[in-house]
Amino acid sequence: MFNPPPSASYGILHRTTSENPIDLAVEQISSLGYATIPSGITTEELKIFKKDFDLNQAQYIETFGLEKLSSTDELNTVRAPLTHGPESFLKIATSEKLLSLVGKLIHGQFILNQQNSIINPPQKDYNQGAWHRDLPYQHFTSSSPIAINAIFCVDDFTKDNGATFVLPASHKISKFPSSDYIERNAIQIEANAGDYIILDCMLFHAGGYNSTSSPRRGVNHVYTIPFLKQQINLPDNIDAKHLSEEVKKLLGFRYSEPKNIQEFLDSRPKM
Ligand SMILES: O=C(O)CCC(=O)C(=O)O
């Protein structure tokens, strides 16, 4: 039987108010480091996206070669699909709902730092199945996030197919915790296909073991303050002809570092 928590309180002077699902997700990410939101994609669009995903992965393997990808532990990742895949990859990276959520978490400007298709293969270890932060090798904590992840779930994320494990609130702790702590506190985030799993990038997380017979697919996005360099330079690798100024800004067009002093001075607004 569900036993709901008390709704009454006493002795409280300050309270957060979250009046809609986005604010509630922001509240949860701020305190626990994770939340899920539906993307709003339709069933038909999702069906097409699954095909787009598989085709894009097959073309990527053909371009870069099975051997190169296997020998670099890159076989279960497709880097920057929005630069070489169908427009649907750009669409999931620029969802209005998602960006409004990211904008409430990262103060000031932010850019898309990376987009990666991730494949959790059936009954095999894979590169994301180890605990990490998405700002790896970093052990600081910050008073507000400088980087946010959004994993678009292409398939349902279930316990059986290795839904993402997280260590709640670990974005607030600089060190990686002990094995016993992990065993007691790690939880798995189950989500529906078409949802975004949103994480503070400093939250420790890992893909789980996929014990089913089908791959579990997702597309990870990392949004960061513009000071952090992109994983792969997006402006140099995307056809900008049909992109709005807003999307160009999100993809980092305004933030490439000036090549010399003259270029820096030319980029300064006139007083
Ligand atoms: O596959 C997953 O569940 C986790 C993916 C992940 O950790 C990542 O892309 O950084």
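A polar contact here is a pair of N or O atoms within 3.5 Å, where within protein one atom must be able to donate a hydrogen and the other to accept it, and residues adjacent in sequence count only if both atoms are side-chain atoms. By that criterion, a polar side-chain atom of Q128 lies 3.3 Å from an oxygen atom of the ligand. This is a predicted model, in which local features need pLDDT of at least 70 and side-chain atom pairs count only at pLDDT 80 or more, while totals for chains, interfaces and linings use all residues. Residues are numbered from 1 along each chain as its sequence is written, and side-chain values use heavy atoms, with hydrogens and water left out.

**The ligand site**

- The residues surrounding the ligand, each with a heavy atom within 4 Å of it, are I118, Y126, Q128, H132, D134, T164, H205, G207, R216 and N220.
- Two further side chains place a polar atom by a ligand oxygen atom, at 3.1 Å for H205 and at 2.8 Å for R216.
- Taken alone the ligand exposes 290 Å², of which the protein buries 97%, with accessible areas from the Shrake-Rupley method with a 1.4 Å probe, and for residues only the protein chains shown counting as cover.

**Helix 2**

- Helices (H or I, at least four residues) and strands (E, at least two) are DSSP runs, numbered from the N terminus, and helix 2 covers residues 43–64, 22 residues in total.
- From its first C-alpha to its last, helix 2 reaches 32 Å, close to the 32 Å expected at 1.5 Å a residue, where the expected span is 1.5 Å times one less than the number of residues.
- Buried means under 20% relative accessible area, exposed over 50% and partly exposed in between (1.4 Å probe, protein chains only); the buried residues of helix 2 are L46, F49, D52, F53, N56, Q57 and Y60.
- The face of helix 2 turned away from its buried side carries the exposed residues K51, L55 and E62.
- Just after helix 2, G65 takes a positive phi of about 90°.

- Most residues other than glycine have a negative phi.
- A80, in the loop between strand 2 and helix 4, has a positive phi near 50°, and A80 is buried at a relative accessible area of 6%.
- Q123, in the loop between strand 3 and strand 4, has a positive phi near 55°, and Q123 is partly exposed at 47%.
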